Amino acid sequence: MNKIEIRKLRFHYSAGEEILSDISLDFDARSTAIIGQNGAGKTTFVKLLKGLLQPVSGDVLIDGINTRDMTVAGLARHVGLVFQNPNDQIFKNKVLDEVMFGPSNIGQSPDEARASALAALQMVGLADKQAENPYDLSLSERKLISIASIVAMHTDIIIFDEPTIAQDHAGKERIKAIIRELAKQGKLVLTIIHDMDFVAETFERTLVFAEGKVLLDGPTREVYGLPGILKQSHLEPPHITQLYNRIGCQGAVLTVEEFIAARRAGTGRPPVSA
Amino acid sequence: MKKITVSGLKYRYPLTEELALKGLSFEIEKGEFIGIIGQNLSGKSTLCQALMGLVPHFYKGGYGGSVWVDGLEVGKAEIHEIAQKVGLVFQNPFTQVSGSKMTVFEELAFGLENLGVAREDMAPRIEHAMELLGIGRFRDRNPFDLSGGQMQRMAIASVIAMEPEIIVLDEPTSQLDPQGAEDVFQAIEALSRRGMTVIMAEHKIEKIARYSDRVLLLHQGEMVAFDTPQQVFSRDDLERYGVVPPVFAQVCKGMGIRNPATGLYPMTLDEACDQVVNWHE
């Protein structure tokens with residue numbers, strides 16, 4: 001079953017300045033990256049999924065429920081959003097309290113919320129920090145707390161807004177592993193992101209937003225195999241794909257290992273992989 | 001003459017035990033483009049702030065050694081004196097915005113007003129900075145109605161309008177789309193070519209390899225290396241410092257390709273392309 005269905009969605013803040021125009025698409029459980037130029041409508045789109053904004057026309061169905069028929073609080077049981085900057089999300093002075101806040105607010109009992117929070121902290125690798133003040137921890141750790149806070153709510157859909165900003169290599173690797181784990185659990189992970197290399201390594205499906213429309217939608221490898229359209233959208237393929245194209249090969253390779261394997265095989269084609 | 005001379009710089013934030021900077025010494029020439037890299041908590045942001053005096057003047061804490069910028073000793077000078085030479089673009093543009101201006105144009109004027117720039121000189125400098133960062137069409141917009149990417153461009157433009165001799169940038173393109181980030185790097189490189197000294201903390205390693213003259217690698221408050229990108233990213237021990245070399249260097253390393261002239265791994269797209277095309281196993 002589709003977790004999200006979008007039907008002829010239109011949105012503007014002020015009439016005549018359309019932000020999203022006639023978007024129709026479905027999301028299944030595949031992890032999906034949303035990429036696009038600044039101002040392409042990505043954040044607005046996500047706010048519509050959370051019910052923070054309502055469509056001007058058209059419909060958004062979350063787990064079969066029309067966002068027009070449900071409150072933002074009700075939708076919070078279905079869709080979780082991890083803020084771009086953890087400092088904007090975190091407000092409690094104890095890690096465990098912060099992570100229990102979400103589940104407590106959507107009806108989990110104190111015991112359930114505690115168990116959910118501890119499991120979520122375990123998953124992000126911060127189980128030993130539960131008694132600390134989030135602001136005594138590093139930014140990377142606060143990012144993980146902000147993720148755990150949403151994971152603990154057991155929503156079927158989790159949205160990340162620019163999860164790799166201000167993260168170093170180790171932080172990105174941890175976030176990549178968390179996204180893969182959530183996808184393995186059958187959740188839909190949707191991510192707005194500008195980091196093309198991270199998308200190549202992490203997401204099955206990629207959507208390109210441009211001027212309020214979905215310009216491309218497909219498996220990440222296919223989308224990154226269309227450098228001309230990406231360029232029009234102020235994007236670029238991952239660095240490894242850029243090198244692959246520059247030496248005269250068509251299509252996309254997504255990792256350094258794939259690149260080397262393709263060169264060793266002496267072919268211009270990327271190896272077939274899932 | 002050296003533009004920046006740092007000698008034995010040590011710094012400890014208030015209420016903490018461990019030094020954030022543990023005795024850094026280095027020199028930077030006028031017009032150089034310096035990349036600062038390292039994992040989180042390695043001291044990148046602290047060093048940026050020490051170059052323009054927020055460390056120690058704003059944060060207080062324990063301070064030792066010295067930082068000289070253009071003949072001025074940062075630890076002893078007044079912050080308004082330092083601000084005439086060094087501009088800092090904050091990591092989070094939201095915290096840089098003055099909050100006291102109603103339009104983007106006026107926000108760019110804020111720094112100039114504080115420097116005492118004559119009114120008739122302000123407009124051309126603001127226009128130029130807006131044009132350089134591509135934000136002219138937002139000139140009448142409220143700064144807080146901008147998207148993250150637009151606000152980040154404004155934050156950079158605000159500092160460029162002040163025409164500092166030294167510009168320090170802390171992850172200045174984190175919120176920009178790929179082409180927007182590339183545009184900003186090119187604009188900053190052009191300023192550096194015209195003699196502005198550029199110091200940039202950044203995780204975008206491919207960009208640092210492409211644009212910086214030298215790379216300063218920090219780890220736990222200590223300087224591990226300060227050399228050309230080719231030298232720094234060809235080190236075998238980078239992993240220990242939580243840094244990965246540029247993708248292009250990773251490919252060449254994996255294929256055993258070194259630049260025949262230098263013995264180092266190619267770092268940039270162009271360089272790697274030349275070597276990979278000619279590669280035969």
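## A four-stranded sheet in chain A

In this predicted model, chain A holds an open sheet of four strands in the order S2-S1-S4-S5, with antiparallel pairing. Strands are DSSP runs of E with at least two residues, and helices are runs of H or I with at least four, numbered from the N terminus. Two strands pair if DSSP finds at least two bridges between them. The edge strands are S2 (18–27) and S5 (65–66) of chain A, and each pairs on one side only.

Strand S1 (residues 4–12) of chain A runs antiparallel to S2(A), and six bridges join them. His12(A) has Glu18(A) in S2(A) as its bridge partner. Helix H1 (residues 42–49) of chain A lies across S1, S2 and S4 (57–62) of chain A. H1(A) runs at about 120° to S1(A); angles go from 0 to 180 degrees between N-to-C directions, with axes fitted to C-alpha atoms, for helices over the stretch in contact.

## A six-stranded sheet in chain B

Chain B has an open sheet of six strands, ordered S6-S7-S8-S3-S9-S10, with mixed pairing. Its edge strands are S6 (86–89) and S10 (222–227) of chain B. The twist averages 15° from one strand to the next.

Strands S3 (residues 33–37) and S9 (residues 214–219) of chain B run parallel, joined by four bridges. Ile36(B) stands opposite Leu216(B) in S9(B). Helix H7 (residues 148–161) of chain B lies across S6 and S7 (166–170) of chain B, at about 175° to S6(B).

## Where the chains meet

The contact (heavy atoms within 4.5 Å) takes 32 residues from chain B and 31 residues from chain A. The area buried between them is about 2900 Å², and carbon and sulfur atoms give 57% of it. Buried area is the accessible area (1.4 Å probe) lost on putting two parts together, summed over both. In chain B, Asp177(B), Pro178(B) and Gln179(B) lose the most area to chain A, together 20% of what that side buries.

The rule finds one salt bridge across this interface. A salt bridge is a side-chain nitrogen of Lys or Arg within 4 Å of a carboxyl oxygen of Asp or Glu. The side chains of Arg246(A) and Asp270(B) meet in a salt bridge (2.5 Å, N to O). H12(B) gives six residues, the largest share of the side of chain B that touches chain A.

## Reading the model

Residues are numbered from 1 along each chain as its sequence is written, and chains are lettered from A in the order in which they are written. Local features need pLDDT of at least 70, side-chain atom pairs count only at pLDDT 80 or more, totals for chains, interfaces and linings use all residues, and side-chain values use heavy atoms, without hydrogens and water.
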